Amino acid sequence: MKRKRIKKTFALLLATSMLVVLALSGCSGGKSVGDVAPSGEGDSGKSGSSGEKVTITHYTIDSEDRTFIEKLIPDFEAKHPNIKVKVEKAPYEQFDSKLQTLIAGGKSPDVTSHYGYGGFAEYYNKDMLLDLSDIIKEDGFKASDYSIPDDLMKIYTVKDHVYGIPVNMYVTLMLYNKDMFDAAKVPYPPSDYEDKSWTFDKMVEDAKKMTHVSDDIAKTQYGVDFTWSERDMRPLYFGVEPYSQDTWSNGGVPSETHFDSPDVIAAYNKLFNLILKDKVSPTTEWSKSVAGQNGDAFVTGKLGMTVSGSWSLAGSNDFPFKVGVAAVPAGGNDKVRSVLFVDPLLILKGSKHPKEAFEWIKYLVSDEVQEKSIDLSGGNPPVNTKAAETYYKHFDGIDPADVKKVYEGAVKYGFESYNHLITNYSQINDMFINEMQPIDTGHKTVEEVMPTIQKKVMEIIKR
Amino acid sequence: MSTIPAAGPTASPSVTKRRRKVDGVSIASFAALIVTTFLMLLPLFFMVSTSLKSKKELLRFPPTFLPDSWQWSNYKEIFETLNFGQMYMNSLIIGILTVVGTLLSSALAAYGFARYRGKGSNFWFMLMLSTMMLPYPAIMIPQFILFSKLNWLDTFLPLIVPAFFGSAYNIFLLRQFFSTLPDELFDAGRIDGCSEFRMWRQIALPLSGPALATVAIFAFIYSWNDLLTPVLYLSSSDKFTLPVGMSSFTSSRFRIPPWHLLMVASVLAMLPIVALFAVAQKRFVEGIVLTGIK
C-alpha cells in the first residue's frame, strides 16, 4: 500500500516537473518569436544597404578611460542616421572570457581592441580578426588623412594585410620624484633623448644618492625601479633580441628564441644587479608591501625614479609630491629605448556590419574626435599627431615641453610592446613572473633559471 | 583572578582542582579569543577607516589608522559616480529570488532523495553529485548559447532561473539533514491522512530551520558575490549588479583605483550579508531549541 502510494506520488511529481519544463520551454519559445521581429532589423545581416538602420556593438573595458566613447555616440549617430552604436562593457579581468563567450555564442561584437590580457597576436592567431584591406581600398582610407604616422600603421599589418587602425599610443617614459631629487641635491634627469650623457650607468649613480635602506620600512627609500616593459622584453633595452626576427613579420610566432644565450643572461644580470648588487632598486616583496598587490610603489613617494608606461602620467595630479618626466636613459641599444603600447581598433570576423563598423572607427580616429577624447577620457594619448599637441598640455605641474620631447623621443627610439605582438603572451608572461621570482629573492641565479625559461617559452609558443 | 588560586587550599581538593583548571583554561582561551577577534576585525576596521579617507591620504605611506579628516561625503559620492542605488536593487532582487529558488527546488529534490528509495536512486544521487565536479568555465559557453537561444540575454533570467532547478551541493546538504528526521513523524502524518507534499511542507521543512538557514546563507552569498555570470549575461548599465559595478573601479590598468570609494561600496555591500546572518543565526538557534531534535 505504502509502496504503491509512493510510486504514485513519484509519478505525479515526475509528470509535474515535465509539465513545468514543457511550459517553460513553450513560454520562452513564444517569447523569442515575439522578440525576433523588432530586433530583426539590427541582426538580419543585410549590411551595406544605406536605407536600413543597422546596430553595431563596440566592446570595451568598463572603466571611465574607455567608456567615454558613450558620450561620442549621439554626435556620431546624428552624422550617420543609419547606424546605431551600442557599447558592451566588461571588467578588465573578465574581458577575454566574455569576448570568447560572445564569439562562441554567435553574438560577436563588431569593434573592439586588445584591452584584456590577450594581445593582438593572440587574436590574430585565433583567427578572430577581420582583414580590413578590402574595406580600406573600397573606402579610400589613408592614414595620412587622419594624421596617423605610417610606422604605427605597420604595427598591425601582417603580410601586407591591415588588421587594425591605431587609436591610442602609450609610450615608456621615466617619471621622477622632484622632492627626492631636491632633498639629495641631485640635478633633474633630461627629457631630451639626444642628450647622450643620460645613460644607464649615470642613472644608477644618481639612484645611489637617493637610496636609504633602513630597518624601519617607513624610512626606506630606493633610487630607481627599472620596470621597463614586461620581463621577456627587457634584454632588448641592452640591444639583445631573444626572439627571432621572423616573429615581427609572420603574426607573432617565433621560429626560435634565445633566452639561454650568454648575451641574454648578461642583460638580465645587469638588471637584477640593481636589486641584488647595487641595491638601488626594491625587491618585488618590498613594492608589494608598500603599494599593495598590483600597486605602483612610485605613488607612495618612496622611489626616486621609475620607468613606466605613460598611463602613470594620468594619475600624476593626485601624487602627494612633485613629478617630472624624463627620457629613458641610453642602455646600449642605439635604436630602441622606449616601449610603445599602441592600441588599435579591430573589427571582429563575426561582425555582421563591417562597413558600418569601419565608419565608426574612422569617426573615432578623426582629428576632431581624437582631440576631444583626451579630455573626455581623462588623458588618453592620441595617435593623431595634431591632437598630440593638446595631450602634451594636459598634465598639471608638468612642463608640456618635457612631455613633448619625451613622446617624440620615444616614438623615434620606440618598439611596440611584445605583449601585443607575440602569440599566447599572457601565458609567457605568467611563466616569466613565476620562474624569475627566485632570482628576485636571491634563491637562484639568472644562469640557473634561463635554460628552464627557454624550454618553457618554446613549449608555450607551440601550443 | 589572581586571588582565586590563593583561596584554593581552603576549599575541598576536588573542587579546587576543577576550578583551577577551568580558570586557567578559560583565561587562556578568552585571551586567545580576544586577540583573534581583533585580528579578524582589523581588515574590517581598515575597510571602514579607508572609506572615510580623502584621495590624497590613501596614497600615504605608512598608512594612517584613522582618517585625518573624516570624509563622510565619500558616502554621498558613491551614489553620484556609480548608479549605486540601482545596482544595489538589482543585486537584491537577484539575490532574494535565487534564495527562494534554491530553497524550494533543493528542499524538494533533497526530500525526494532522503525519503524515497527506488531502483537506482543512489545512481541518480551520484549523478547529481557529479555535477559538482564540473567547473563553471566548462559549461560557460554551452549555457550562454542556450540562454541566448531563449532570448534571455541582458535579462536577470539566466541569473535566477537556474536556482529554481536546484544545486547539487545544497541538495546534498539538505538530504543529509532530512535523513536524520525520525520516520515516526512521517508515519504519524500518514496515519492522519497527510499528503506527501504536505509532509514535506508541514513536517520536514519546519524541523529543518538550521539546514534551510545554512542553504539560504550559502545561496545568497554566492549570488551576491557572483561576478562572472552577470558580466557574461548583462550588457545594459542599468541592469548591472554590485560586483560588476564595483569592478569598474579597478578595471583601468592605467589609473590609481579610487580605493576610498571602493571601500565605501564594500562597507555598504556587506550590510545585507551581516543582516541576513543575524536573522539566520536566530533561526539556527530556534531550530535546535524548538524541535528538540538533533
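Reply: Happy to! Contact here means heavy atoms within 4.5 Å. Please keep in mind that this is a predicted model.

Me: Which residues does Ile148(A) touch, not counting residues up to four places away in sequence?

Reply: Ile148(A) is one of the residues that touch the most other members of the largest nonpolar core, which has 182 residues. Leaving out residues up to four places away in sequence, the residues touched by Ile148(A) are Phe141(A), Ala143(A), Met153(A), Ile165(A), Pro166(A), Val365(A) and Val383(A).

Me: Which residues touch the most other members of the largest nonpolar core, and which strand gives the most to this core?

Reply: The residues with the most such partners are Ile148(A), Ile165(A), Trp228(A), Met305(A) and Trp360(A). Giving nine residues, the top contributor to this core is strand 6 (residues 165-177) of chain A.

Me: Is Leu104(B) buried, partly exposed or exposed?

Reply: Leu104(B) sits in helix 5 (residues 84-115) of chain B. With Met89(B), Ile93(B), Ile96(B), Leu97(B), Val100(B), Phe164(B) and Phe165(B), Leu104(B) makes a nonpolar surface patch of about 700 Å². Because its relative accessibility is 43%, Leu104(B) counts as partly exposed.

Me: How far apart are the end C-alpha atoms over residues 92-111 of chain B?

Reply: An unreviewed UniProt entry lists residues 92-111 of chain B among its "transmembrane region" features. In the model this stretch is 100% helix and 0% strand, and its end C-alpha atoms are separated by 28 Å.

Definitions and conventions
Residues are numbered from 1 along each chain as its sequence is written. Chains are lettered from A and ligands numbered from 1 in the order in which they are written. This is a predicted model: local features need pLDDT of at least 70, side-chain atom pairs count only at pLDDT 80 or more; totals for chains, interfaces and linings use all residues. Side-chain values use heavy atoms; hydrogens and water are left out. Patches are made of residues with over 30% relative accessible area and no salt bridge: like charges are joined within 9 Å, nonpolar side chains (Val, Leu, Ile, Met, Phe, Trp, Tyr) within 5 Å. Accessible areas come from the Shrake-Rupley method with a 1.4 Å probe; for residues, only the protein chains shown count as cover. A salt bridge is a side-chain nitrogen of Lys or Arg within 4 Å of a carboxyl oxygen of Asp or Glu. Helices (H or I, at least four residues) and strands (E, at least two) are DSSP runs, numbered from the N terminus. Buried means under 20% relative accessible area, exposed over 50%, partly exposed in between (1.4 Å probe, protein chains only). A nonpolar core is a set of buried Ala, Val, Leu, Ile, Met, Phe, Trp, Tyr and Cys residues joined through side-chain atoms within 4.5 Å. UniProt positions are given in the numbering used here, feature names are shortened, and annotations may be inferred rather than shown by experiment.
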